[in-house]
Amino acid sequence: MKNTNLYKGSLITIILKLLNEHDKMYGYEITQKVKEITKNELQLTEGALYPALHKLEAQGLLDVEVIKVGNRVRKYYKLTEAGTKETVDKLVELENYIKNMRALVNPKFRLE
Amino acid sequence: MKKLSDIQIDHLYEFTKNHYVEWYDVQTELVDHLANGIENQWKIEPDFSFENALIKEFKKFGVFGFSDLIKEKTKALNKCYRKHVWIYFKEFFRLPKIIITLFSVWMLSLILGMLQNKLYVTVPFVFIIFVMHVTYVYTQKKQIKYRISKNGKNGLWIMS
């Protein structure tokens, strides 16, 4: 992932948000979608994506569906009810973070 | 578009196994991921060899390869198993099993109370539990080995 340290903490939010917008997605599709949306600026490394997906699955935030596609089997992820709730919380958290960072990096000019 | 053959899919399964991914569901997920990556490479370069495309795709997993993934999956599975053990444990303190639990405790305290040297009961008791545990682990391991040798898969899956 580009600028790893800055994006690292937002990986879970990115996954949850994408799954919230799409009914179900598989790992490779997630990496490609992120690349497409950010115009190749952000590339999710596979080594980070799958551990995060498995963690979310173990936490009960994601559900799994397995479908045979051609000569191979595909594992799809989708949000559970708890996952949908968590997405809302995570997005609020991220919005607050962006707001605070913007205030810190670009403070308004004041004449006091 | 150029697609992977069945033999190449089998080769990818072997590849994940050789990189210490022992769970069939994780193997399947990685096989699909690698296959998608290779097929995408073929869209740009149709003559690129399967082996080189695989190496290129595997490199995307970083210097540690599948190890982070294995670590996280092990953690997730352990969490799941602990949860199940806890559910079974709690059952012994609910009706009807609590009757057996209380009766066993009462019986044991009664027997221990009757004996002067309590070690005559406690030592064989602990020994039997230990042997039972070791035997169970051993037979389970043997069964898993047999299952893997029979169909090359560790785990069951229900497909939709």
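Which residue is the bridge partner of Ile67(A) in S3(A)? The partner is Arg74(A). The model is predicted: local features need pLDDT of at least 70 and side-chain atom pairs count only at pLDDT 80 or more, while totals for chains, interfaces and linings use all residues. Residues are numbered from 1 along each chain as its sequence is written, and chains are lettered from A and ligands numbered from 1 in the order in which they are written.

**Overall form of chain A**
- Chain A has 5 helices and 3 strands, where helices (H or I, at least four residues) and strands (E, at least two) are DSSP runs numbered from the N terminus.
- Read from the N terminus, these elements follow the order α-α-β-α-α-β-β-α.
- The radius of gyration of chain A is 17 Å, well over the 13 Å that the globule rule gives for 112 residues, so the chain is more spread out than a compact globule. This radius is taken over C-alpha atoms, and the rule is 2.2 Å times the number of residues to the power 0.38.
- Along the principal axes, the C-alpha atoms of chain A fill a box of roughly 70 × 30 × 20 Å.

**The sheet**
- Strands of a sheet pair through backbone hydrogen bonds, either parallel or antiparallel.
- In chain A, 3 strands form an open sheet in the order S1-S3-S2, with antiparallel pairing; two strands pair if DSSP finds at least two bridges between them.
- The edge strands of chain A are S1 (25–26) and S2, each pairing on one side only.
- S2(A) and S3(A) run antiparallel and are joined by 8 bridges.

**The nonpolar core**
- The largest nonpolar core has 31 residues, of which Ile15(A) and Leu53(A) touch the most other members. Such a core is a set of buried Ala, Val, Leu, Ile, Met, Phe, Trp, Tyr and Cys residues joined through C-beta atoms within 7 Å; a residue is buried if 20 or more other C-beta atoms, placed from the backbone, lie within 10 Å of its own.
- H2(B) gives the largest share of this core, 6 residues.

**Contact between the chains**
- In total, 22 residues of chain A are in contact with 26 residues of chain B, contact being C-beta atoms, placed from the backbone, within 7 Å.
- On the side of chain A that touches chain B, H4(A) provides the largest share, 8 residues.

How values were computed:
Contact = placed C-beta atoms within 7 Å. Buried ≥ 20, exposed ≤ 12 C-beta atoms within 10 Å, placed from the backbone.
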